[in-house]
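Me: I am new to this structure and would like to go through it in questions and answers. Please show it first.

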Amino acid sequence: MGKKQISQLTFFDYCVGITIGSIAATLSVDQNVKIVNGLVSLTIWGFFPIMLAYLGLKSLVFSRITDGKATIVIRNGEVLDKNLRKNLLTINELLMLLREKGAFNVSDVEMAVWETNGELSIMLKTDQQPATPQTLGISMEQGHGPAILIMDGKIMKKSLEHLGYSKEWLAGEIQKQGAEDIKDVFLAQMNSRGSIYVDLYED
């Protein structure tokens, strides 16, 4: 199931994981269990969640049956007590989860959603959200992700060609930062502004 099994563990995924672990443990220590039977069980339980995940992609109703659905627990700064009770969530637990998100006042929260994986997602009210260049009407130059030029003493040719620079230019840039040769560089990275960060093997 890929990264979903770790980052978005639902109750159903949790049960499947425990079942597979239990079968594997029994197979490894119980001599009365035939290896073939154990492997068949592992295959079925390994295929089962993948099949359900595929069906969940095709049907929203089926996905809600297996994974449940998110519940709004705060709306317009007001706690929805009924929804808390439905999810067996106490007010103290809710306040703790809000503090973990940096919201210490319930009145600052426009909406809070209790997700199917047990995480709380919050949206602060407009006047409580941090200012951004967009909200302030300031135009900013669009940046891009950093490009790795050298890794472990080797030039990343594709990155260098994509940026339109030559090996000679790169050698000159790293020499300015104390490297005598490409092999002396553990990592060289360029940000969207053209600045180069160089980390040498010998700091």
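**Helix 7 and beyond**

Reply: His 162 is found in helix 7, which covers residues 157–163. The model is a predicted one.

Me: Is His 162 buried or exposed?

Reply: A residue counts as exposed when its relative accessible area is over 50%. His 162 has a relative accessible area of 71%. By that cut-off, His 162 is therefore exposed.

Me: How many Å apart in space are His 162 and Ser 195?

Reply: In sequence, 33 residues separate His 162 and Ser 195. From C-alpha to C-alpha, the two are apart in space by 16 Å.

Me: Which residue forms a salt bridge with Glu 173?

Reply: A search of the whole structure finds one salt bridge. Side chains of opposite charge can pair when their charged atoms come close. Here the closest N and O atoms are 3.3 Å apart, and the partner of Glu 173 is Lys 176.

Me: In which helix do Glu 173 and Lys 176 lie?

Reply: Lys 176 is exposed, at a relative accessible area of 66%. Glu 173 and Lys 176 are three residues apart, about one turn of the helix. An α-helix has 3.6 residues a turn, so residues three or four places apart point the same way. Both residues lie in helix 8, residues 167–176.

Me: What span is expected for helix 3 at 1.5 Å a residue?

Reply: Helix 3 runs over residues 35–58 and has 24 residues. From its first C-alpha to its last, helix 3 reaches 35 Å. That is close to the expected span, which is 34 Å.

Me: Which residues of helix 3 are buried?

Reply: Buried means a relative accessible area under 20%. Phe 47 lies in helix 3 but is exposed, with a relative accessible area of 51%. The buried residues of helix 3 are Gly 38, Pro 49 and Leu 52.

Me: How far apart in space are Lys 101 and Phe 47?

Reply: Lys 101 is in the loop between helix 6 and strand 3 (109–114), and at 44% relative accessibility it counts as partly exposed. Lys 101 and Phe 47 are 54 residues apart in sequence. Their distance in space, C-alpha to C-alpha, is 36 Å.

Me: What is the phi of Leu 88?

Reply: Leu 88 is found in the loop between helix 5 (81–86) and helix 6 (91–100). With 75% relative accessibility, Leu 88 counts as exposed. Most residues other than glycine have a negative phi. Leu 88 is not a glycine, yet its phi is positive, at about 55°.

Me: Where is Asp 152, which also is not a glycine and has a positive phi?

Reply: The phi of Asp 152 is about 55°. Asp 152 is partly exposed, with a relative accessible area of 45%. Its place is in the loop between strand 5 (147–151) and strand 6 (154–155).

Me: Which helix gives the largest share of the positive patch?

Reply: Arg 64, Lys 69, Lys 82, Arg 85 and Lys 86 gather in this patch of positive charge on the surface. Lys 69 lies in the loop between helix 4 (60–67) and strand 1 (71–75), and is exposed at a relative accessible area of 57%. The largest share, three residues, comes from helix 5.

Me: Which residues gather in the patch of negative charge on the surface?

Reply: One of them, Glu 202, lies in the segment after strand 8 (196–200). Glu 202 is exposed, with a relative accessible area of 73%. The residues of the negative patch are Glu 180, Asp 181, Asp 184 and Glu 202.

How values were computed: Residues are numbered from 1 along each chain as its sequence is written. This is a predicted model: local features need pLDDT of at least 70, side-chain atom pairs count only at pLDDT 80 or more; totals for chains, interfaces and linings use all residues. Side-chain values use heavy atoms; hydrogens and water are left out. Patches are made of residues with over 30% relative accessible area and no salt bridge: like charges are joined within 9 Å, nonpolar side chains (Val, Leu, Ile, Met, Phe, Trp, Tyr) within 5 Å. Accessible areas come from the Shrake-Rupley method with a 1.4 Å probe; for residues, only the protein chains shown count as cover. A salt bridge is a side-chain nitrogen of Lys or Arg within 4 Å of a carboxyl oxygen of Asp or Glu. Lys and Arg count as positive and Asp and Glu as negative; His and the chain ends are not counted. The place of a charge is taken as NZ of Lys, CZ of Arg, CG of Asp or CD of Glu. Helices (H or I, at least four residues) and strands (E, at least two) are DSSP runs, numbered from the N terminus. Buried means under 20% relative accessible area, exposed over 50%, partly exposed in between (1.4 Å probe, protein chains only). The expected span of a helix is 1.5 Å times one less than its number of residues.
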